[in-house]
Amino acid sequence: MPVLLIAIILGIVEGVTEFLPVSSTGHLILATELLGFDAEKWAAFNVIIQLGAILAIVVLYWRTFWAVLEGILRNNPMSWRFVRNVLIGFLPSAIIGVILISKIELLLGNAEVVAWALIAGGIAILLIEKLVKPGDIVGVAEMPLKTVLGIGFIQCLSMIPGVSRSGATILGGLSLGVERRTAAEFSFFLAIPTMMGATTLELVKHHDTLLSGASGVGFGAVAVGFVVSFIVAIVVVRAFVHYISKHGFWPFAWYRIIAGTAALIWLASR
């Protein structure tokens, strides 16, 4: 299969799944297994194209970021609290990620771990939807520090491929008293420093290979995957925020359970 076609397929998978509670990394790993790609060859690509999806958040919420920037220049306390909350929410994953990076990378090629994590995450979503009452914390700047730190540590669970960074942070927020839309948007904003950090690490580690194209996956393929994930993510995020504002997460839970079960059956039958 041509490299650019693979890049387009993975870009679509990334754009669709990055901000849904279904695990983009898990789906990229399963797509690699299902279509017979070399997982190690595409590992850096899979991380870097996530920046395309992150750029979609910057574009969709540019008014929010502009208002925060203007507020900082005017020394507005709410703008500073917004920035503080995003940075503090990011810290646990930054510290733990650096410490455990070698162990995390060992899991990134394990499709069976992804399948089990999808199932476990689906069950967790169903339980949270049933047991947790709607929260009353509205607005990222309104979130207290203990809530922000709690979500930050919960985000660390997403280092296990298949758990879902957005799923962990959104459902963690709901469990800690944050209302649905705010939990989703905080998850989106938290993705920006988190994924920029992960991408920077991958670029530092693999820049020689990407520049030379030695792995067969050069910057051209990365650029295609980046653009595709950006365009698809814009469409998906708009629809997702509209949906969860009125409905629950249970369809994503059942999808995870079905997809994880199907993946286990397929892996066992190979």
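How many aromatic pairs does the count come to? The count comes to 10 aromatic pairs, in a model that is predicted.

**Figure 1. The chain is built of 12 helices and 0 strands.** From the N terminus on, the elements run α-α-α-α-α-α-α-α-α-α-α-α. The radius of gyration of the chain is 18 Å, which agrees with the value near 18 Å for a compact globule of 270 residues. Along the principal axes, the C-alpha trace spans about 50 × 40 × 35 Å. Among contacts between residues at least 6 apart in sequence, 82% join residues at least 24 apart.

**Figure 2. The surface of the chain exposes about 12800 Å².** Of the 270 residues, 48% count as buried. The chain carries 17 positive and 15 negative side chains. The centres of these two charged sets lie 9 Å apart.

**Figure 3. Phe188 and Phe240 form a tilted aromatic pair.** The ring centres of Phe188 and Phe240 are 6.4 Å apart. Their planes stand at 55 degrees, and the pair is therefore classed as tilted, given that stacked pairs have planes under 30 degrees apart and edge-to-face pairs over 60. Phe188 belongs to helix α10 (residues 180–212) and Phe240 to helix α11 (residues 219–244). Phe188 is buried, at a relative accessible area of 0%. Phe240 is likewise buried, at 3%.

**Figure 4. Tyr243 and Phe252 form an edge-to-face aromatic pair.** The separation of Tyr243 and Phe252 is 6.3 Å centre to centre, with 90 degrees between the planes. Is Tyr243 buried or partly exposed? Tyr243 counts as partly exposed, because its relative accessibility is 28% and the buried class is limited to values under 20%. Phe252, in contrast, is buried, with a relative accessible area of 14%.

**Figure 5. Ring pairs link a set of aromatic residues into a cluster.** The members are Phe19, Tyr61, Phe65, Phe82, Phe188, Phe189, Phe240, Tyr243, Phe249 and Phe252. The cluster thus takes in Phe188 and Phe240, the tilted pair, as well as Tyr243 and Phe252, the edge-to-face pair.

**Figure 6. Ser23 has a positive phi although it is not a glycine.** Most residues other than glycine have a negative phi. The phi of Ser23 is about 80 degrees. Ser23 lies in the loop between α1 (3–17) and α2 (24–34). This serine, Ser23, is buried, with a relative accessible area of 3%.

**Figure 7. Ser164 also has a positive phi without being a glycine.** For Ser164 the angle is about 90 degrees. Where is Ser164 placed? Ser164 is found in the loop between α8 (145–155) and α9 (165–175). Ser164 is buried, with a relative accessible area of 3%.

**Figure 8. Thr261 is located in helix α12 (residues 250–269).** Thr261 is partly exposed, and its relative accessible area is 35%. Along the chain, Thr261 and Val235 are 26 residues apart. A separation of 28 Å lies between the C-alpha atoms of Thr261 and Val235.

Conventions. Residues are numbered from 1 along each chain as its sequence is written. This is a predicted model: local features need pLDDT of at least 70, side-chain atom pairs count only at pLDDT 80 or more; totals for chains, interfaces and linings use all residues. Side-chain values use heavy atoms; hydrogens and water are left out. Rings of Phe, Tyr and Trp (its six-membered ring) pair if their centres lie within 6.5 Å; planes under 30 degrees apart count as stacked, over 60 as edge-to-face and the rest as tilted. Helices (H or I, at least four residues) and strands (E, at least two) are DSSP runs, numbered from the N terminus. Buried means under 20% relative accessible area, exposed over 50%, partly exposed in between (1.4 Å probe, protein chains only). The radius of gyration is taken over C-alpha atoms; the globule rule is 2.2 Å times the number of residues to the power 0.38. Contact means heavy atoms within 4.5 Å. Accessible areas come from the Shrake-Rupley method with a 1.4 Å probe; for residues, only the protein chains shown count as cover. Lys and Arg count as positive and Asp and Glu as negative; His and the chain ends are not counted. The place of a charge is taken as NZ of Lys, CZ of Arg, CG of Asp or CD of Glu.
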